[in-house]
Amino acid sequence: MGATDLHIVPQRRSSLIQVRINQRLYPLEEVPLIYSERLISHFKFLAAMDIGEKRKPQNGAIHHYLPVNGNVHLRLSTLPSAYNEALAIRILPQEDNTHYTNLSIFPNVLEQVYSLLLRPQGLLLFAGPTGSGKTTLMYSLLKETQLYKKRQVITLEDPIEKKMDTVLQIEINEPAGVTYLEGFKSILRHDPDVIMIGEIRDEATAQLAIRASLTGHLVLSTLHAKNTIGCLYRLNEFGIHIEDLRQTLLGIVSQRLYELKCPHCGNACSLFCMMRRQQRRMGVYELLNGQLLQNVMNMIQAKKPITVSFPKLDDYFHRAVAMDYISAPFSDTSTEHGYEKT
Ligand SMILES: [Zn+2]
């Protein structure tokens, strides 16, 4: 069902088993207390937690293989409650085989992004708020390039969200000295073709990303910016010269994730529908590349207002609403869904 959490909640006479799907809670079933106690004990045993201890909160983890989803990582936490022990399980899928064209309501934008990934060197940036699916998109694009073009791909992430077979993944570990900057330097000594850096957070990392993409590497990274043009201003704040970007920047992608309108239920789907509708969220993507990107950079360099016109997140959003893929928000949230018209 694409649930992110599963809860076993003890009540006076029975226990409630519920799941969280797209932020909402759905009750699955009620089971007798004796049954839920056994269930919780069983999970605690699997997660190497102390079965005898029921009065203190405990944490544990299980790796599990599901025939449909592949490997999943389960993070367990117990909480002693008034009636009995409660258990919450966070479900973290480790494998996501969604092809990049299935991530977007308008897949042709991602086809263009993919073509940039075939370049031997340069910098490709992804902007968007947390939870807009930047990492999912980067994984899915990298996976696709790996299938047809064998290249040494090394990632630096905080934390590693999904494990990939053909990619060398390094996790940030600040106490051990693996920061974004130090990790990046180490990766460069490891003969990579493609480097994915979880996030460009500061000037030093930004400079290194530029230098790496000037010296024969393809660098992918994310940046905290509202949209593609915001990304350029952010790099400018980091002290990156437009001239350097002109030589390295292949493109900037900006994105938002939306819940798809259910053709059957209207606003709130039943659990029955949730179980059958696998893909419930999709993204819209804005890409700034090629001559348009050069023109925007010229305007920033000349400190002129940006007057270049290209399809933006807001345009795609309205198109998706018009095509009935997603619902328009009830209130006016023009800034929330991406783009302020200037
Ligand atoms: Zn539905």
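Q: Is Ser 140 buried or exposed?
A: Ser 140 is buried, at 8% relative accessible area, where buried means under 20%, exposed over 50% and partly exposed in between, with a 1.4 Å probe and protein chains only.

Q: Where does Ser 140 sit, and what is it in contact with?
A: Ser 140 is in helix 3. Setting aside neighbours within four places in sequence, Ser 140 is in contact with Thr 98, His 99, Tyr 100 and Leu 103. Contact means heavy atoms within 4.5 Å. Helices are DSSP runs of H or I with at least four residues, strands are runs of E with at least two, and both are numbered from the N terminus.

Q: What kind of model is this, and how are residues numbered?
A: This is a predicted model, in which local features need pLDDT of at least 70 and side-chain atom pairs count only at pLDDT 80 or more, while totals for chains, interfaces and linings use all residues. Residues are numbered from 1 along each chain as its sequence is written, and side-chain values use heavy atoms, with hydrogens and water left out.

Q: Back to helix 3. At what angle do helix 2 and helix 3 cross?
A: Roughly 55°, and the axes of helix 2 (residues 107–117) and helix 3 (residues 134–148) come within 10 Å. Axes are lines fitted to C-alpha atoms, for helices over the stretch in contact, and angles run from 0 to 180 degrees between N-to-C directions.

Q: Why are helix 2 and helix 3 called oblique?
A: Helix 2 and helix 3 are oblique to each other because angles under 35 degrees count as roughly parallel, over 145 as roughly antiparallel, 65 to 115 as roughly perpendicular and the rest as oblique.

Q: New topic: the zinc ion. What coordinates it?
A: The SG atoms of Cys 262, Cys 265, Cys 269 and Cys 273, at 2.2 to 2.3 Å. Donors are N, O and S atoms within 2.8 Å of the metal (3.2 Å for Na, K and Ca); water is not among the atoms, so sites may look incomplete.

Q: How are those donor residues spaced in sequence?
A: As C-x2-C-x3-C-x3-C.

Q: Is Cys 273 buried or exposed?
A: Cys 273 is buried at 10% relative accessibility, whereas Cys 265, at 30%, is partly exposed.

Q: And where is Gly 52?
A: Gly 52 lies in the loop between helix 1 (33–46) and strand 4 (58–66), and is exposed at 68% relative accessible area.
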